[in-house]
Amino acid sequence: MPYVGQIFKSDDDAFEYYSNFARKNGFSIRKARSTESQNLGIYRRDFVCYRSGFNQPRKKANVEHPRDRKSVRCGCDAKLYLTKEIVNGLTQWYVSQFSNVHNHELLEDDQVRLLPAYRKIQEADQERILLLSKAGFPVNRIVKLLELEKGVQPGQLPFIEKDVRNFVRTCKKTVQDNDALLTEKRENDTMDLLEACKAMAERDSNFVYDYTTDENSKVENISWSYADSVRASTIFGDVVTFDTTYRSITYGLLLGVWFGIDNHGKPMFLGCVLLQDESSNSFTWALQTFLRFMRGRCPQTILTDIDSSLRDAIARELPNTKHVICSWHVLSKLSSWFSLPLGSQYEEFKAEFDMLFHLEGVEEFEHQWNHLVARFGLDSDKHIALLFSYRTAWPFSYIRGYFLARSMTAEFYQSLDAFLKRILSGQTCLQLFFDQVGFAADLRNQSREGLQYMHLKTCLPIEENARNVLTPYAFNALQHEIVLSMQYATTELANGSYLVRHYKKMDGEYLVIWLPQDEQIHCSCKEFEHSGILCRHCLRVLTVKNYFEIPDKYVLFRWRLESSLVPVEDQNGQCSSDECAQVFHSLAETLLTESLFTKERFNYVHKELTRLLEHVREMPVCNEFVLNMAPNNISES
């Protein structure tokens, strides 16, 4: 409770404090008079009960049946007066008068929230209300729809129907004016974007784009991609993330961006699309266009946000592609969905949900899910029902056998988010956005960290062999598994398979099936199927079988150094013979692929390579460079 002499840093702090006190005690407050002087400025603030004072009689309008509105003011004397003082050069406010005596009944919790001071329409709700109003929904249906969306009982929204009606009325004229301006701007800017795509296609025959128009021949949806992106999809298009996080407030367009993950664990831009809406038809067109850009190559797996229209479109257009809901999209929604209904139980719910998310067995997941729902009383919660309807697409127990190429790691998500913010920052028109996307997608403007020396942590030849062929990113992931494999014991079964378990039995045992005739190895943990990196259990069995190198089929090309499309910086100013060979091999392979498209390309490349070879043979040999290369070719005596 406030008291005379209580100190606040500012009058705003005092008002917030008194307002919170009022809400807990069944009333609300308002700002009354303030007193000002030339030297101190405002030096006194009066905060009073909302029922303080009396309404002055108003002149009645010249209408036949004027409304006689009853005033809530009844002369209540509850108040808090503030006075400003300066102490040691610092300004502070102290309570000079306080009274908590009311001459009216104080309200209960379920009534006090309906006072005008506490009825707030948050920004997100404002946007939703305006959207529904524009779609023709009457106010009473808007309120009912919001109650359903938020999972609250009728009348439990933080505002009432009257607030929605007043808000819509106030905004209607502004919305109409803004809509006309925004429609004109959207039409002009999307036409400029289309012209930019046409101009780019004239300059670069490998640039691809497509668009649709409405009945008035206005650009409706537009999508584009680049030569580097199409080339990248041949190696890194096996797992595609389709991000639809961002929507332009100015244009009302949904931005969708396709990404792959490269052999360094970084996002690889594959294409983008701007859509007028989030309907199944729009997503269907977007997917069809993307597949055409990628020359018909379908990804093994596609990662998206939760969206029923997008799910339906993927099921139709990519019937053989696994659909996964990104874990960060699921986890990011938990707070907005469950923190309010669960209150103090939310943190406990979140911890149990996270544990359930990582369970390995489907049966165990469904059992624990039912337990979670029952324990927190969420049987009728619509968000719980939604998550369960998508259960084949997000819990680890269901997707552990889907190939994700480590696209759901926190590291990749952070890189992807940084990429999106980079192309979206400070953009005021679609033309600038198009230019920024083009710059970010150009592989010449990207570089990966230098080939830093990767230290070995074991004496296993398998580790040394992996270091020579994998990128640092992939090698670090495999090296982690190699180190842990040394903590596992194996038991050979009669059929030649193995049971592999940790020596401290910290986790369960895993079955590793070994087929020596084909050099095939499969583990029940399905890590290789999930990430393309062999698991510790398989590596342990290969060590037992005296393998000094990982079978070639289990070192995926997508994780090898030779698959790099982005130039790697040389931090040391010189390279070893192995590194030089890898760089030249990758370059030569790419050059061969590009030159075989037409006879004209082949003849040109052959001519230029012959001339280049003659020029190199005439160059002087640097002895220092030869000496630096030598240790890789001379064994120690």
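Select residues 327–342, helix α9: at 1.5 Å a residue, its 16 residues should span 22 Å, and the end C-alpha atoms lie 21 Å apart, which agrees. The expected span is 1.5 Å times one less than the number of residues. Helices (H or I, at least four residues) and strands (E, at least two) are DSSP runs, numbered from the N terminus. This is a predicted model, in which local features need pLDDT of at least 70, side-chain atom pairs count only at pLDDT 80 or more, and totals for chains, interfaces and linings use all residues. Residues are numbered from 1 along each chain as its sequence is written, and side-chain values use heavy atoms, without hydrogens and water.

Just after α9, G343 has a positive phi of about 60 degrees.

Now colour the buried residues of α9, among them W328, W337 and F338. Buried means under 20% relative accessible area (1.4 Å probe, protein chains only). Their cover includes β8, β11, β12, α10 (346–357), α12 (382–389) and α14, where contact means heavy atoms within 4.5 Å.

Seven strands form an open sheet of mixed pairing, in the order β6-β7-β10-β9-β8-β11-β12; two strands pair if DSSP finds at least two bridges between them. The edge strands, β6 (208–213) and β12 (322–325), each pair on one side only.

Finally, select β11 (residues 301–304), which pairs with β12 in the parallel sense over 4 bridges. The bridge partner of I302 in β12 is H323.

How values were computed:
Buried < 20%, exposed > 50% of the residue type's maximum accessible area, 1.4 Å probe, protein only.
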